[in-house]
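Hi everyone, thanks for coming along.

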Amino acid sequence: MKQVSKILLPLSSARNSEAAFVSGANFARRFSAHLAVLHVRSDGRDIAPLAGEGLTGGMVEELIASAEKEGGKRSREVQNAFEDFASRTPDIEAVPPRIPFPQGRPSMSFNVLKGAESEVIPWHARLSDFTLVPHPDSGDEVSSSEALHAVLFDSGRPAVIAPRIPMPHFVKRVCIAWNGTAEAASALRGVLAWASTSERVRVLHCEDYQRRGPDAREVVDYLSMHGIAADRQEFQAIDRDIGKGLLGACQDFGADMLAMGAYSHSRLRQLILGGVTRHVLENNTQLVLMSR
């Protein structure tokens, strides 16, 4: 049964877009799916309520005009990046951003919508099989990570974070980080599409990472019911850091993709104290599928 038909790729800017485009194209090829590239352009009029007191009507209008100009510039940059990539990828058909999309062959589209990323992106993510997000480390930009968190917390669908450097080949080796939580179970379900067509799959577990719930042996049994042969490997924290140990185990395995639950603790707690999710987001060199 086909598990992936539509992939959403939100781009707030052209930064880190190449690696995301390459990953998205590979996914579209692998699953004969549609890659829906979306740019959300902010509405300059939304600035007015935030302008504060003490500003004249003319000053507010000037702020709105400036925001509209900047938004238009970003939109053109993203569209140019898409059109450039599409011209270099003739095997994937570029089509208008409307359903029905071509069936049985890879395709891609580009669309610009006005609104707030935190609302528009989850809306579209809910009717996509997963959302591909450019790496959050994009210079001074914070929109990418905001898009990631919007997908994780408000879409009910998994997010796949692209690496900083384009990975030109298909996913061949998959690691699944398992700790028994509902978040890990959601990531496990989301990665089946890749695991079922990969050369090797490994379940990674650690005593200090495990929570109450099924253990790694049961995960291997579950995967076998889907026709997926997997082994399991215990990893150790490095310098008392579970995230570092997890990424080290992925590197040892030569993983192209890591699937894991995101924010088993609250996002605020992880931002303040650190955590496995945060470490992986800041240091991953492979594709990472995250789910809550």
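Let's begin where helix 7 stops: it is followed by G254, whose phi is positive, near 75 degrees. Before I go on, a word on the source: this is a predicted model, where local features need pLDDT of at least 70 and side-chain atom pairs count only at pLDDT 80 or more, while totals for chains, interfaces and linings use all residues. Residues are numbered from 1 along each chain as its sequence is written, and side-chain values use heavy atoms, leaving out hydrogens and water.

Helices here are DSSP runs of H or I with at least four residues, strands are runs of E with at least two, and both are numbered from the N terminus.

At the start of helix 7, a side-chain oxygen of D241 comes to within 2.9 Å of the backbone nitrogen of G243.

How many of the residues of helix 7 are buried? Taking buried as under 20% relative accessible area with a 1.4 Å probe, protein chains only, the count is 9 of the 12, so helix 7 is largely enclosed by the rest of the structure. Among them are I242, L246, L247 and F253. The buried residues pack against strand 7 (173–177), strand 8 (200–205), strand 10 (257–261) and helix 9.

Now for that last partner. Two packed helices are described by the angle between their axes and the distance between the axes. For helix 7 and helix 9, the axes come within 8 Å and cross at roughly 50 degrees. That makes helix 7 oblique to helix 9, oblique being whatever is left after under 35 degrees (roughly parallel), over 145 (roughly antiparallel) and 65 to 115 (roughly perpendicular). The contact, meaning heavy atoms within 4.5 Å, is made by I242, G243, K244, L246 and L247 of helix 7 and by V276, H279, V280 and N283 of helix 9.

Let me zoom in on H279, which sits in helix 9 (residues 276–283). H279 is buried, at a relative accessible area of 15%. Setting aside neighbours within four places in sequence, H279 is in contact with D241, G243, K244 and L247.

P100 is in the loop between strand 3 (93–94) and strand 4 (107–114). Thanks, all!

Conventions:
Buried < 20%, exposed > 50% of the residue type's maximum accessible area, 1.4 Å probe, protein only. Polar contact = N/O pair within 3.5 Å; in protein donor to acceptor, adjacent residues only side chain to side chain. Axes fitted to C-alpha atoms, helices over the stretch in contact; angles between N-to-C directions.
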